[in-house]
Amino acid sequence: MSVENKTRVPNFSKSETELLTSLVRQYSHILENKKSDMTNNQLKEQTWSKLAKEFNSLSSFVFRSDKTLRAKYDNIKKRAKTKYSTFRRSLYGTGGGPSAEINFSQEEEVVMELSGTSVMGLPSRNDCDEIVITKETKEKYAETSQDTALPAKNNENILVCINFI
């Protein structure tokens with residue numbers, strides 16, 4: 001087993017990261033697909049290779065392999081997921097004081113948009129602050145409250161989201 005002299009490549013620049021996220025956005029329907037059978041995995045590998053060729057042709061910096069680009073994208077996704085979970089945790093925290101100020105980078109916002117539920121999680125069906133107002137509950141609300149200005153049209157159900165802070 002021989003040890004080769006490996007030179008360290010420079011870190012990703014801001015423009016390289018933006019280029020990577022824009023290329024991933026083009027292929028997000030393939031790369032963010034949740035299916036993991038053999039056919040889809042091969043298609044994802046081919047897409048990462050194609051994305052690496054496009055990245056290297058558009059970038060005037062260092063050559064980046066498809067594995068390097070995928071690792072960078074996964075790291076951006078992990079960082080966004082960690083920041084988002086910290087943000088959500090601070091919303092429900094008790095003890096007073098200001099809530100945590102979390103600033104997402106442009107790349108993290110793109111990744112959150114593309115990844116959807118894998119970063120932000122699924123909404124809770126059982127434990128939330130949402131109130132569904134039907135025609136019957138609207139009539140009951142109108143009887144018990146002075147404020148009858150609920151925006152209802154015909155017999156449609158209305159979803160009112162109440163956030164208690």
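**Core, rings and charges**

Phe55 is buried, at a relative accessible area of 0%. Buried here means under 20% relative accessible area, exposed means over 50%, and partly exposed is in between, with a 1.4 Å probe and protein chains only. Before going on, the basis: this is a predicted model, local features need pLDDT of at least 70, side-chain atom pairs count only at pLDDT 80 or more, and totals for chains, interfaces and linings use all residues. Residues are numbered from 1 along each chain as its sequence is written, and side-chain values use heavy atoms, with hydrogens and water left out.

Now the rings. A pair of aromatic rings is described by the distance of the centres and the angle of the planes. The cut-offs are these: rings of Phe, Tyr and Trp (its six-membered ring) pair if their centres lie within 6.5 Å; planes under 30 degrees apart count as stacked, over 60 as edge-to-face, and the rest as tilted. How many aromatic pairs does a search of the whole structure find? The search gives two.

One of them is Phe12 with Phe55, a tilted pair with 6.4 Å centre to centre and 50 degrees between the planes. Phe12 lies in the segment before helix 1 and Phe55 in helix 3, so this pair ties together parts that are 43 residues apart in sequence. Helices are DSSP runs of H or I with at least four residues, strands are runs of E with at least two, and both are numbered from the N terminus. Phe12 counts as buried too, at 18% relative accessibility.

Trp48 and Tyr73 also form a tilted pair, 6.1 Å centre to centre, with 55 degrees between the planes. Trp48 lies in helix 3 and Tyr73 in helix 4, so the pair ties together parts 25 residues apart in sequence. Trp48 is buried, with a relative accessible area of 4%, and Tyr73 counts as buried at 1%.

Next, the core. A nonpolar core is a set of buried Ala, Val, Leu, Ile, Met, Phe, Trp, Tyr and Cys residues joined through side-chain atoms within 4.5 Å. Which of the 17 residues in the largest nonpolar core touch the most other members? They are Leu20, Val24, Trp48, Leu51, Phe55, Leu69 and Tyr73. Helix 1, helix 3 (38–58), helix 4 (66–91) and helix 5 each supply at least two residues of this core. Leu20 is in contact (heavy atoms within 4.5 Å) with Trp48, Leu51, Phe55, Leu69, Lys72 and Tyr73, leaving aside its neighbours within four places in sequence.

On to the charges. Side chains of opposite charge can pair when their charged atoms come close. A salt bridge is a side-chain nitrogen of Lys or Arg within 4 Å of a carboxyl oxygen of Asp or Glu, and a search of the whole structure finds four.

Glu107 forms a salt bridge with Lys14, the closest N and O atoms being 3.5 Å apart. Glu107 lies in helix 5 and Lys14 in helix 1, so the pair ties together parts that are 93 residues apart in sequence. Glu107 is buried, with a relative accessible area of 6%.

Arg64 pairs with Glu16 in another salt bridge, with closest N and O atoms 3.0 Å apart. Arg64 sits in the loop between helix 3 and helix 4 and Glu16 in helix 1, 48 residues apart. Buried or exposed? Both Arg64 and Glu16 are buried. Arg64 also lies over the face of Phe12, at 4.0 Å from the ring centre; the criterion is NZ of Lys or CZ of Arg within 6 Å of the ring centre and within 35 degrees of the ring normal.

Glu45 is in helix 3 and Arg70 in helix 4, 25 residues apart. Glu45 counts as partly exposed at 42% relative accessibility, and Arg70 is partly exposed at 29%.

Seven of the 10 residues of helix 5 (106–115) are buried, among them Glu107, Val110 and Leu114. Thr17, in helix 1 (14–26), is buried at 9% relative accessible area. Leaving aside neighbours within four places in sequence, Thr17 is in contact with Phe12, Lys72, Ile76 and Glu107.
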